[in-house]
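Have a look at it first.

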Amino acid sequence: MTRREFIPASIPAVRRGDALDVAGLPSYGFAHRSLMWWGNAGMMAIEGGAFGFMIVIYFYLRGISNAWPDGGRPPDLLFGNINLAVILVSAVPNLFAQRAAADRNTRRVRHWLYVCAAFGVVLCAVRWFEFTALNVRWDDGAYGSTVWVLLGLHTFNLVTDVADTFVLTAVTYTSPFEGKRFVDIAENCGYWYFVVLTWLPIYAVIYFGARL
Amino acid sequence: MTAASGAFPSDAGSRTRARERSQPKKGGRQRLRDGAGAGSRAAAELERTWTDKPGVISFLSANGHKTIGLRFIVTALCFFGAAGVMGGLMRHQLATANSHLVGPDFYNQLFTMHGTTMMFLFAVPVMQGFALYLVPLMIGTRNTAFPRMTACAYWLYVIGGLLLFGAFLSNTGPDAGWFAYVPLAGPQYGIGKRVDVWNMLVTYSEATGLMVAVDITTTILKLRAPGMTLRHMPLFLWASLVTSVMIIFAMPMVMLAANLVQFDRMLGTHFFNPAEGGDALLWQHLFWFFGHPEVYFIFIPALGFISAVIPTFARRPMFGHDAIVLSLIATGFLSFGLWVHHMFATNVPELGKSFFTAMSFMIAIPTALQLFCWIATIASGRLVMKTPLLFVLGFFFILLIGGLTGIMLGSVPLDLQVHDTYFVVAHLHYVLIGGAVFPLFAAIFYWFPKVTGRVLSDRLGKWQFWLFFIGVNLTFFPLHILGLAGMPRRIYTYAPETGWGFLSFLSAAGQVINDLSMLLFAFNVARSLFKGERAPADPWGGGTLEWSVSSPPPACNFFALPVVSSREPLWTPPGNVTHVSGLSAEIREGLTTTVIDALPDTRYAYPAPEIWPFVASLAVTAWLVWSIWSVRGFAWGLILPAIAFFAWYWPDKKESIEEISWETEP
Amino acid sequence: MNGIHDIRLPAGPQAAALFDLWTLMLITCTGVFVAIIVVLAVAVWRAPRATAKTLPDADAHPRKETMLKRSVGFAVATSAVLLFVLLFASFIADRAIATLPLDDAVHIDLIGHQFWWEARYDPSDPARSFATANEMHVPVGRPVLMTLRADDVIHSFWVPSLAGKKDLIPGRTSTIAFRADRAGIYRGQCAEFCGYQHAHMALIVVADAPADYERWLVVQRQPAREPSTAQERRGRDLVERASCAMCHTISGTAARGRRAPDLSHVGSRSSLAAGTLENTAASRAHWIADPQSYKPGVDMPPLAAAPADLVAISAYLGALQ
């Protein structure tokens, strides 16, 4: 498989006298050439910041506590590990979907988006079970509150990205289909990497913060 | 390929290819593109494309940056007036000892509403409004990067503000102070829905702030005119960029924290409940981590105003441009390291507190550097003594006092005496009024001609300035002394034996003078809008791009996007290439350029006006208001915004067809 | 009800160190302010005037730019040096207020409530400890070590003439140490917004000569005085039977409530309701009848009683010296 040129070179504007003619320029570009990428980056900074703050709050409250968890058990590892495994694997169809979008191949994009959506649904179900296996209620002390909110924040991201994936899959059926929608799909895939990557520290904190 | 004008390739070989690319996908009539001078058919079509149609739906659907920016500014000034009235009421209550003008409950709501309105509903939105209006004009483009998101942000802002005031008028206004310390704002002592209203308002205003910040950041980085490299970017744009990036990193903290308090209040969590492992001090850390950068969200754009006004009124480019850019960035960074100076009276470890003293002192250095560069520019320039410059000089005087009392407050031991006294009230008003409101009036007098096409009366402006200058000093200087005399903050009355009566009375008298100056300003605006002298494109002889278009600007901003080669494009002779051509005049199109060197990169189809941002704001409102009353509402109410955002995203068939006809693949 | 409460009138080593720091900062900052404003004023005065039509000067002027660079550089360097001096002074003051010798300290437990101060002396020694409210006595020349706790929301202990402030935070215990070096009455006020009557949460610290202080201690350690007249006896009777006993403590009687100020020696205090009212017979009676009219939002309910009964209660409380 040849390495795809994901970011094609800029097509120069053409000088005509004292004017710079940009009529020939593409009307969209991928990755950082698209404005959507920058909006996405802003979104990731905001949400990444929120996750970071929540992890700091976890360790702050842990630092002032005498027992952590306070008289309870740490969360069961089973569903957390299943989640970790599935979410890491989900990066693969995501990668293929992103490449299909860069190639502007509607059929392949649709195919891989279906796979991503399926992974998303499975992860949502696993996440449901994770909540039940936390072994603590949200109103059961600061420990319970923190763990629930930490997991809840990531869940919010997970659910909204899965919903986005469904919407984008549906949009591929509309006609006429603008080329810039491929950029939206590629960016949604980029956001999925963010969901996957942010799960790693959160998983570590929830499942091992109480075991240290 | 460098960005210097004249170095853009004029290649004969690819001219054919380019011509092929620019042919319409379907055969037929000549497609109208921009680039011709004003008055031609293309220009008329361009204006038609960018002008909003009349009607209510159109009003609710508008997403042009000038419209949205102006809406932000006008709404913010209305909130400024309302909060000012509250301030006046407080001053009058405290003008005499044991006054019965207002009771403790109403007074607590008054100072909470005054602070909350000023900080969340006036100061940050007005700065963002100016950025939204000016940034595309200054960088040479036609709209911001995410116009629909910004339109939604505006509606959220207005609705949030109206909900807050609605609650206040129904005796449910928040009453725990604008920073709502727990446990007073917690489930046990924050009785009723008042603090819930505050948490909701914080959610609204932070969502607004974040949306606009992402928009401005992307706009400044990707939509600049060809040739406007980062080094050629005016200082106001640097200030807007630094502020927006800071907002992205600081506002999520307060949104998260306010929601944690809301969870404590509504769901029984224990983040701030010491009896169950939580910590009352945690709130202070979380809030002030946001709260200190927040004041810089207000201050740094104001510094941008100063840097825009001074060169024009000193008739020379800014001295120390690069130093000021570095100072702005340094200030942005350092402001994240100061927050514990709001907590010196708590039992945070002493060594930690000393670190924050050092940081608080250190941030004075980049600010001082900017100050001296401005003074150097003034000293070596030729001065146009008009109202904008007068407000800039007032800024120097008042901000300097505020900054110096800030140094005093930054010292841990001294702060232990003056913290939570009227000394702090004096300091914060000096820095906010001196550091933000004076530059704001300078900006208003400076850009009013551009926005409205009329010039504000300079004579009335000078009267307003002097009244305001005297009034501010008379209102707030005595408060320093009151703080030293032992008067704490947030007290609704005091006994005559304390001796605080005389200075409090003086302060109230000063407030009356401030009111007069504001009335004069309102009169000036109202009169100038109808009878003011008409403004040419460049009434002040400014050097930046917004002065190159008519006053008010055409709906499309520029009939042909400019190409620049210096910091003050209007003050330096143009290069060989002066403008961009080839963008569509039939759909709303702009040009994206590369981040550092501003080379043309792609064309960009701006979203057309649509109703969904407004509908989405209503859906979000329904969700948030429902969730104050019901925990289920918090979960199930999410369906409403979900539907609205789905409908927003779903492609509009007509729009898609039109855009595809202009589409060129990469 | 009144007392010295001014940062500029220090009566102890902490407040004095802080006042010295204040003076240094005031002088330095005023000097900096005057210097900068004078430079600005001169610059504005001397710069030639222009209009909007004047052509802007966008050329490079190397010699002038160099001179300006030197001036700005000098100004920034001077500012940095002055900042460093003030930083150093701040650290010195910080150490000064933290190194009060604590031998033979008076130990007081201060608990902040909405809207009154509970003070327990010698909390670790049951034989000598006692409680009072809103007014404390301390001996001149001896350090006072206070542990600070809050019962409900955040309060802040601040007596400006004696020391800087310290917050009382629920769930946390902090300490503050100070010393009064001059006899006198010093007033303080809660300095962290704590609700409706934050404005009426003052406290008095009376600095006594050592002999007077010892006398005061002896009286405070004794249970409440027995009533000496019929009216006072009636007053005590009413206090024990009415709602008063549910919240207040009067040692040696049936009133053993812990939710409100200890009234065992209330007659000796100069004010009522945390500095809100003078402690006179009339004001006591009015206060008990309707506290909400003086301090709306306070936890104390009105007492429906005949005027004669109110007078009797007031007389009894007044006798509790």
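The notes below take up a chain contact and then some salt bridges.

## Where chain C meets chain B

Keep in mind that this is a predicted model. The contact draws 81 residues from chain C and 84 residues from chain B. Together they bury about 7200 Å², and carbon and sulfur atoms give 70% of that area.

Between chain C and chain B there are 22 residue pairs in polar contact, counting pairs with both at pLDDT 80 or more. Helix 2 of chain C gives the most to the side that touches chain B, with 17 residues. By class, that side of chain C has 49 nonpolar, 16 polar and 16 charged residues. Two salt bridges are counted between these chains; B:D279 forms a salt bridge with C:R172, with the closest N and O atoms 2.7 Å apart.

Over all chains, the structure holds 40 salt bridges. In one of them, B:E659 meets A:K180 at 2.9 Å, N to O. B:E659 lies in helix 21 of chain B and A:K180 in helix 6 of chain A, so the pair joins two chains. B:E659 counts as buried at 10% relative accessibility, while A:K180 is partly exposed at 26%. Both belong to a network of salt bridges that also links A:E178, A:R181 and A:D184.

## Bridges within a chain

In chain B, the side chains of B:R231 and B:D322 meet at 2.5 Å, N to O. This pair ties together parts that are 91 residues apart in sequence.

In chain C, C:D212 and C:R215 form a salt bridge, with the closest N and O atoms 2.4 Å apart. These two residues sit three residues apart in helix 3, separated by about one helical turn. C:D212 is partly exposed at 34%, whereas C:R215 is exposed at 53%.

Notes:
Residues are numbered from 1 along each chain as its sequence is written. Chains are lettered from A and ligands numbered from 1 in the order in which they are written. Side-chain values use heavy atoms; hydrogens and water are left out. Contact means heavy atoms within 4.5 Å. Buried area is the accessible area (1.4 Å probe) that two parts lose on being put together, summed over both. A salt bridge is a side-chain nitrogen of Lys or Arg within 4 Å of a carboxyl oxygen of Asp or Glu. A polar contact is a pair of N or O atoms within 3.5 Å; within protein, one must be able to donate a hydrogen and the other to accept it, and residues adjacent in sequence count only if both atoms are side-chain atoms. Helices (H or I, at least four residues) and strands (E, at least two) are DSSP runs, numbered from the N terminus. Ala, Val, Leu, Ile, Met, Phe, Trp, Tyr, Cys and Pro count as nonpolar, Asp, Glu, Lys and Arg as charged, and the others, Gly among them, as polar. Buried means under 20% relative accessible area, exposed over 50%, partly exposed in between (1.4 Å probe, protein chains only).
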